[in-house]
Amino acid sequence: MRTNVAIIGGGPAGLLLSQILHRAGIDTIVLERHSREYVEGRIRAGVLEDGTQTLLRRAGIGERMDREGLVHEGFSITHREKSHHIDLTTLTGRKVMVYGQTEVTRDLYAARDTMGGIVLHGVEQVALHDLQSNKPHITFGHDGAVHRLDCDFIAGCDGFHGPSRESIPKKSRREFERVYPFGWLGILSKTAPVDEELVYAAHEDGFALCSMRNPRLSRYYIQCSSDEDIANWPDDRFWKTLRKRLPAELAERLETGPSIEKSIAPLRSYVCETMRYGRLFLAGDAAHIVPPTGAKGLNLAASDIHYLSEALIQWYGNADSSGIEGYAERALSRVWKTERFSWWMTSLLHNFPDHSPFEQRMQRAELDYLTESRAAMTTLAENYVGLPY
Ligand code: RFL
Ligand code: PHB
């Protein structure tokens, strides 16, 4: 097999790259380990920055998002029985969209189908070869046979546990990591969201987040310990814990019901420098992880794809290699700023079991300052709606 750009991973990063390149006349083949049903069913992100929305529209997949997505002009932070509104639109002139990653992924697969894009599911033992040459290739197992895919470039969009990053020799990459001493336990339920907007709740027992997918589908998270066993969390216990972390006025309004999905995610900040090794480019979770507090993971995957697709279109269109050579630096500059924001928002809102009384007071003072200062709220808002590309 041969293609222009071989893409490893059929998550949002890989599919979006394939879609944008295909529209520019550049051939791709996507190799995905899991089945399409599995990838489409994974419940993950929910908030799209306006830059991500624009990118999806330009890639020709914005139509259902614009019809069904919920435009949000603000969100609340609650803290010691008080609720503080962060008015994104007044502070920044911009808005975010609540539209699930599952929906983005479905729209991308539908668009790939319409355009006849090639996505191979159920691939195994993906291995990358000759990355420093002009003719890299990939070997993989599919349908009981071993295949070889020759290409000009490889895009490693295979998430945090994929083989792409590991194919960069250890001496050519540097890794930066913080693992937080807690995780998020999340549920999805067919209940009305407790509020019209998202609520980020800082509470001495731990953080909680009230989010949604549509007017009859709610998504809630609570901070839990990192080694929590999901079997210990029947729905009743989840709802009771969530209610306790919300101000009384909100807790009273909380509609509860059976969970239709329940999962635990560990919280981690991680960056791999570099994001390019010869003809291999890393994008999305393959190169970096943010804790979900700032709602940035999917958005960062989208901005990487913006830079990478521009670079490849430049190369194929004008034989101009400057975009390719500058990709890692451009992408990483935005990645680090977004890492900072996600780390800061996580530090602001969670209960850190190892914090001293002094650090607890610093956290409280920062929350008080944030909710009293328009300058501080503007800083939060401009990061939340997304830094410019
Ligand atoms: P993905 O989605 O992990 O896709 C990678 C794909 O690569 C495949 N793969 C392989 N394929 C072939 N061979 C192999 N050996 C392979 N190994 C792996 C995988 O099967 C998969 O299909 O990475 P991508 O595309 O970079 O997208 C990143 C986003 O999925 C991720 O950053 C977000 O979901 C993070 N995230 C959030 N991001 C936001 O922007 N806003 C949010 O509100 C938000 N909330 C969240 C989140 C992530 C969460 N979890 C579960 C980690 C909430 C949660 C709870
Ligand atoms: C979600 O709806 O899944 C969600 C929303 C906001 C976040 C994280 C996750 O910060």
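These legends describe close-up views of a predicted model.

**View 1. Residues around the centre of the second largest pocket.** The space in the second largest pocket comes to about 440 Å³. Its lining is made up of 21 residues, and those closest to the centre of the pocket are His-79, Arg-80, His-203, Glu-204 and Arg-364. By class, the lining has 8 polar, 7 nonpolar and 6 charged residues.

**View 2. Secondary-structure elements that line the second largest pocket.** Three elements, β5 (74–79), α11 (322–349) and α12 (357–372), each supply at least two residues of the lining. Helix α12 gives the largest share of the lining, with 5 residues.

**View 3. Packing of helix α3 against helix α10.** Helix α3 spans residues 50–58 and helix α10 spans residues 297–318. Their axes lie 9 Å apart and form an angle of about 55°. The crossing of the two helices is left-handed.

**View 4. Side of contact between α3 and α10, residue by residue.** From α3, the residues in the contact are Thr-52, Leu-55 and Arg-58. In α10 they meet Asn-299, Ala-302 and His-306. Sorted by class, the contact of α3 with α10 has 3 polar, 2 nonpolar and 1 charged residues.

Terms used
Residues numbered from 1 in each chain as written. Chains lettered and ligands numbered in written order. Predicted model: local features only at pLDDT ≥ 70, side-chain atom pairs only at ≥ 80, totals over all residues. Heavy atoms only, no water. 1 Å grid on protein atoms, 1.4 Å probe; cavity = no way out; pocket = protein on both sides within 12 Å on 5 of 7 lines; lining within 4 Å. Points joined across faces, edges and corners; volume = space filled by probe spheres on them. Helix = DSSP H or I, 4+ residues; strand = E, 2+ residues; numbered from the N terminus. Nonpolar A, V, L, I, M, F, W, Y, C, P; charged D, E, K, R; others polar. Axes fitted to C-alpha atoms, helices over the stretch in contact; angles between N-to-C directions. Left-handed = near helix turned anticlockwise from the far one by under 90°. Contact = heavy atoms within 4.5 Å.
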